[in-house]
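Here are some notes for a colleague who is opening this structure for the first time. Please keep the sequence and the model side by side while reading the numbered points.

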Amino acid sequence: MATGEHGGHGHGAVATIDPESLPEGTVVTGSGRLSAAEIFSEPDTTGQVPFTAPQLSRLDEALTLASRETGLLFAIFLGDLGAKPETRAAELQASLERAPESVLVAVSPGQRVVEVITGSEARLRLPDRGAKLAVMSMVASFKESDLLGGLLSGLRMLADQAGPRR
């Protein structure tokens with residue numbers, strides 16, 4: 001990757017740069033521009049993808065099954081929810097396709113926050129009490145460092161509480 005700055009200081013002034021004083025990988029181009037080469041390194045993604053491919057497949061299957069059985073749209077958000085987690089989770093849920101019929105499970109492990117947000121139609125079938133029980137179950141698994149197990153059992157509980165497709 002190359003970055004650079006023009007050697008001028010405005011209004012036609014030209015800066016004089018001693019090439020010997022430039023850091024390694026930096027040159028002055030013919031137009032007077034500084035060009036610096038940087039060593040490319042892959043971004044560190046350790047810890048950013050908490051699931052293996054088979055685990056993601058299981059999670060996708062659980063989401064599909066819960067949605068198919070209930071007729072509601074189930075979704076999971078895993079990541080930072082910002083300064084107002086409940087508000088951010090509600091925004092995410094509202095942005096879902098079929099938002100009135102959707103259920104969002106938002107988990108922010110770094111903030112130790114779990115939110116279950118239901119759309120207006122889903123709320124009729126999934127009362128707060130049922131969602132709270134699912135959250136308690138998920139939190140118990142999360143405390144044992146079982147993120148996938150917590151999400152899977154939470155989805156099962158939420159689908160059971162919502163009941164079959166109507």
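Which order do the three strands of the open sheet have, and what kind of pairing?

1. The order in this open sheet of three strands is β4-β5-β6, and the pairing is mixed; strands pair here if DSSP finds at least two bridges between them. Helices (H or I, at least four residues) and strands (E, at least two) are DSSP runs, numbered from the N terminus. The edge strands, each pairing on one side only, are β4 (73-78) and β6, and from one strand to the next the twist averages 15°.

2. A word on the basis of these values: this is a predicted model, in which local features need pLDDT of at least 70 and side-chain atom pairs count only at pLDDT 80 or more, while totals for chains, interfaces and linings use all residues. Residues are numbered from 1 along each chain as its sequence is written, and side-chain values use heavy atoms, with hydrogens and water left out.

3. For the overall layout, the protein has five helices and six strands, which follow the pattern β-β-β-α-β-α-β-β-α-α-α along the sequence. Of its 166 residues, 36% are buried, where buried means under 20% relative accessible area, exposed over 50%, and partly exposed in between (1.4 Å probe, protein chains only). Among the contacts with a separation of 6 or more, 60% are between residues 24 or more positions apart; contact means heavy atoms within 4.5 Å.

4. Turning to the strand pair β5 and β6, the two run antiparallel and are joined by six bridges. S108 stands opposite V113 in β6, and L104 has I117 of β6 as its bridge partner. The hairpin of these strands has four residues between them, and in it R112 takes a positive phi near 60°.

5. How many of the six residues of β6 are buried? The count is six of six, so that the strand is mostly covered, as follows from the cut-off under 20%. V113, E115 and I117 point one way from β6, whereas V114, V116 and T118 point the other way, and all are buried. In a regular strand the side chains alternate between the two faces of the sheet.

6. Helix α5 lies across β4, β5 and β6 and runs at about 155° to β4. Axes are lines fitted to C-alpha atoms, for helices over the stretch in contact, and angles run from 0 to 180 degrees between N-to-C directions.

7. P85 belongs to helix α2 and counts as buried because its relative accessible area is 17%. Leaving out residues up to four places away in sequence, P85 touches Q111, V113 and E115. The C-alpha atoms of P85 and S108 are separated by 8.4 Å, although the two residues are 23 residues apart along the chain.

8. The largest nonpolar core has 27 residues, of which F74, V103, V116, M138, L151 and L158 touch the most other members. Such a core is a set of buried Ala, Val, Leu, Ile, Met, Phe, Trp, Tyr and Cys residues joined through side-chain atoms within 4.5 Å. At least two residues each come from α1 (53-70), β5 (102-108), β6 (113-118), α4 (128-143) and α5 (147-162), and the largest share, eight residues, is that of α5. Another core, of eight residues, lies apart from this one and includes A75, L81, L92 and I117.

9. The helices α1 and α5 pack at an angle of about 5°, with their axes 9 Å apart, which makes α1 roughly parallel to α5, a term for angles under 35 degrees. The residues making the contact include Q55, R58 and L59 of α1 and L148, L151 and L152 of α5.

10. Two serines complete the picture. S67 is in helix α1 and counts as buried because its relative accessibility is 16%; beyond residues up to four places away in sequence, S67 touches L72, L73, F74 and R165. S141 is in helix α4 and is buried, with a relative accessible area of 18%; with the same exclusion of residues up to four places away, S141 touches D146, G149, G150 and S153.

Conventions: Parallel < 35°, antiparallel > 145°, perpendicular 65-115°, else oblique.
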